[in-house]
Amino acid sequence: MSKTVKLEETIDLERPVHEVFAYVSDFSRVEEWDPAVSRARKVTLGAPGVGTEYRVDMNAGFSIDYTVVEFVDNERILMTASSRFFTAREEIFFDLSASGTTLRYVAEFHFPAVFRAFHNLFPGVMDRIGKSAMSGLKQALDDNFATPQASRILATADKLVLPGVWRFTKLGYRDSRRRWKPVSAYLGNHRALVTGATSGIGLAAATKLAELGARVTIVARDRSKAEVIASEIVMETGNERIDIEIADLSLMKDVHALCDRLLAADDPIDILVNNAGALFNPRQSTAEGFEKSFALLLLGPYILTERLLPLLQRSESPRVVSVLSGGMYTQKIEVDDLQSQRGSYSGSVAYAKAKRGLMIATEKWADEWAEHGIVVNAMHPGWADTPGVETALPGFYRLTKHFLRTPEEGADTIVWLAASTEVGKVSGKFWLDREQHPSHLSERTRESADERSELFATLDEMLVSTASGGSRALSA
Ligand SMILES: NC(=O)c1ccc[n+]([C@@H]2O[C@H](COP(=O)([O-])OP(=O)(O)OC[C@H]3O[C@@H](n4cnc5c(N)ncnc54)[C@H](OP(=O)(O)O)[C@@H]3O)[C@@H](O)[C@H]2O)c1
């Protein structure tokens, strides 16, 4: 004879019902709050609703398949579950309460006769599993996590080549993620602008932000590619608030035109992700006369971010995230040769110097814009398997491809920096896998105060001269 076990748990939460519902109704996020779960994913397309299916891998070594059978917005979700060991009916109720929301979880597990012995051997185990899941969910929704601090151990490991480089691979990602906290911040009222969202890491970040409910503006240089990508994001996430802006970000006339359009529309920007990038070999100049890595990786995002300040200021919790690279550790900014005109050209060096420049700008914005509550951070995505890496660095790609992380894994820290509540308390830092890393590994790469001033004087001069149109590649 089969055995039925019933569970019922209630928790009170100081969050509005729509926020609690938004978090819990995407059941793939159970991996953040249920300690018994190792991984969870949505296996059907579209927004959570009737018919959505999830596969949840348990730490105990088996999987559970969930199907949503009833879904009433902000009120109730009913799911059926099936695994090797049991079938279940799990129902979650969301009720308005004086402090916010009361969440009630009611479940009925059916164990076939062969697994009845399990209960005799481990009485109360299901209760304990239910209680620890509900306490994890409460902690996730209380959303009161400490901001990760810089760690001396990490800083030392970064200086040693092998441990530092190991962190960039998928193994580093897997190690770090064991320490992560849930991100339950509500993004339904946020607007994110993501550059380079048609491929690789930017595409993964835009998709995740859309999945979390944000309105996402994709900035791309190719309209037809952007339209295909936008409709794929809508299909995958069910979020229809995806729009497109066209700009070649290596051309300052396009960057200014983009800023003009966004400023004229006057919609606040809550999240700006400076992600578009590429590595150029041999040296190339844009039609405006700028060396291309400098234009795309430093001057473009500098002008974009500076000019969008009024829209960031209109957000309640604005964030800027710039995607840099561990390569910047090898270079110092050379203010008198920003466009790599001196000596023989190396695409990797020009790339790393431009990323270094954007790190310096990140520190400046963090300082200057703290008074507006704007949080500005930079990150290294690690080594991710993207079309950009495969085409720009074929030798490196062949050598490392078995250790590369997925674009989604590379994009994780972008989304965390953009969304998580605890990041609101830290600005001007460099991150990898949600951990703070030093922005320099050697004094050799550190610029002086005079060099910083000179860098910003040059970038500001270029901002002004390119705004009035024409080719203005200063000799810097
Ligand atoms: N993958 C890694 O291991 C790694 C490591 C360190 C840092 N990064 C950084 O991560 C970011 C994303 O790189 P990825 O690996 O995801 O490369 P990717 O797959 O090549 O994607 C790059 C994105 O940037 C866009 N882009 C390139 N040039 C542009 C331009 N002139 N104007 C507008 N958009 C432009 C591309 O648009 P199209 O689709 O039109 O080409 C694409 O959407 C870059 O900043 C890169 O430096 C990556």
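Into which domains is the protein chain divided? Here are my notes.

1. The protein chain splits into domain 1 (3-142) and domain 2 (152-470), with bounds that come from an automatic or database domain assignment. The centres of the two, taken over C-alpha atoms, are 36 Å apart. Domain 1 puts 17 residues into the contact and domain 2 puts in 13 residues; contact here means heavy atoms within 4.5 Å.

2. A word on the basis: this is a predicted model, where local features need pLDDT of at least 70 and side-chain atom pairs count only at pLDDT 80 or more, while totals for chains, interfaces and linings use all residues. Residues are numbered from 1 along each chain as its sequence is written, and side-chain values use heavy atoms, with hydrogens and water left out.

3. Next, the largest nonpolar core, which has 53 residues. A nonpolar core is a set of buried Ala, Val, Leu, Ile, Met, Phe, Trp, Tyr and Cys residues joined through side-chain atoms within 4.5 Å. Buried means under 20% relative accessible area, exposed over 50%, and partly exposed in between (1.4 Å probe, protein chains only). Leu249, Leu272, Phe294 and Leu308 are among the residues with the most contacts inside this core. Elements that each supply at least two of its residues include helix H10 (252-265), helix H13 (347-368) and helix H17 (449-467). H11 gives the most, with nine residues. (Helices, H or I of at least four residues, and strands, E of at least two, are DSSP runs numbered from the N terminus.)

4. Not counting residues up to four places away in sequence, Leu308 touches Leu193, Cys259, Leu262, Ile269 and Leu272. Another core, of 40 residues, lies apart from the largest one, and Ile11, Tyr54, Ala88 and Phe94 are among its members.

5. Now Val24, in helix H1 (residues 17-25). Val24 counts as buried because its relative accessible area is 2%. Leaving aside neighbours within four places in sequence, Val24 is in contact with Ile92, Phe94, Leu103, Leu137 and Leu141.

6. Val376 sits in strand E13. Its relative accessible area is 0%, so Val376 is buried. Beyond neighbours within four places in sequence, the contacts of Val376 include Val320, Trp365, Trp369 and Lys429.
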